Amino acid sequence: MRSFILLFLVLLAMLLQATFFSFLQVAGVKPDLILLLVVFNGFLRGSREGAFLGFLGGLMLDIFSGSYIGLHALVKMSVGYLAGLAESRFYKESVVIATLITFVLGIFGQLATYLLLFYLDIQVPPFYAFFQVVVPTAIYSALLVPLTYWKFYRSNERGWLKEWERTV
């Protein structure tokens, strides 16, 4: 059940990012909603689940956007893994920590994407990429954390995303 809900949330995030947030662009940048889900899931559930949702969300993003298959899957998987490393090291109930982790991993994810694009021989001016895309996207995504983290956290603890114990 939890997997289907996460799959639905990834699809909803992709839909919102492509439609609703296209009208809410700031300086031509949209927040990365898939990144938010991946970071939240990794931070609350660990590296394995963060990497799995990151791979799934990134692969779906690759398929539906028509970009290189595996590019976003690899980046989001590594972001989910890194968010999972923070699971046991930081206080999960703090929105400030979740915001900082989202900001740092947002920058990491965007830089990793541009690095992979560079290896695919797609040239993007580095200063433009960093100051016009990477940092503003990370800031915009991090600003959404205080609005969304508590819902995800509560649902993970005692709501729809809680992993139920199996009885045999």
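Predicted model: local features only at pLDDT ≥ 70, side-chain atom pairs only at ≥ 80, totals over all residues.
Let me begin where helix 4 touches helix 5: L71, L74, V75, S78, V79, L82 and A83 of helix 4 meet L105, F108, G109, A112, T113, L116 and L117 of helix 5, where contact means heavy atoms within 4.5 Å. Sorted by class, this contact has 11 nonpolar, 3 polar and no charged residues, with Ala, Val, Leu, Ile, Met, Phe, Trp, Tyr, Cys and Pro counted as nonpolar, Asp, Glu, Lys and Arg as charged, and the others, Gly among them, as polar.

Residues are numbered from 1 along each chain as its sequence is written, and side-chain values use heavy atoms, with hydrogens and water left out.

On confidence, the mean pLDDT of the protein is 89, and 96% of its residues reach 70 or more; pLDDT is the predictor's confidence in each residue, from 0 to 100. Confidence is lowest in helix 1 (residues 2–18), at a mean of 88, and highest in helix 4 (residues 71–85), at 95, the helices being DSSP runs of H or I with at least four residues, numbered from the N terminus.

Returning to helix 4 and helix 5, their axes come within 10 Å and cross at roughly 150°, with axes fitted to C-alpha atoms over the stretch in contact and angles running from 0 to 180 degrees between N-to-C directions. That makes the two helices roughly antiparallel, a label for angles over 145 degrees, whereas under 35 is roughly parallel, 65 to 115 roughly perpendicular and the rest oblique.

What does helix 2 pack against? One partner is helix 5 (residues 95–119), at an angle of about 125° and with the axes 10 Å apart, so this pair is oblique. Here L35, L36, V39, F40 and F43 in helix 2 meet I97, A98, I101, T102, L105 and G106 in helix 5, and the contact has 9 nonpolar, 2 polar and no charged residues.

Another partner of helix 2 (residues 33–45) is helix 6 (residues 126–158), at about 45° and again with axes 10 Å apart, and this pair is therefore oblique as well. The residues that meet include L33, F40 and R45 in helix 2 and L144, Y149 and N156 in helix 6; by class there are 12 nonpolar, 4 polar and 1 charged.

Finally, the count comes to 3 salt bridges, each a side-chain nitrogen of Lys or Arg within 4 Å of a carboxyl oxygen of Asp or Glu. One of them joins D32 to K76, with the closest N and O atoms 2.4 Å apart. This pair links distant parts of the chain, since D32 lies in the loop between helix 1 and helix 2 and K76 in helix 4, 44 residues apart.
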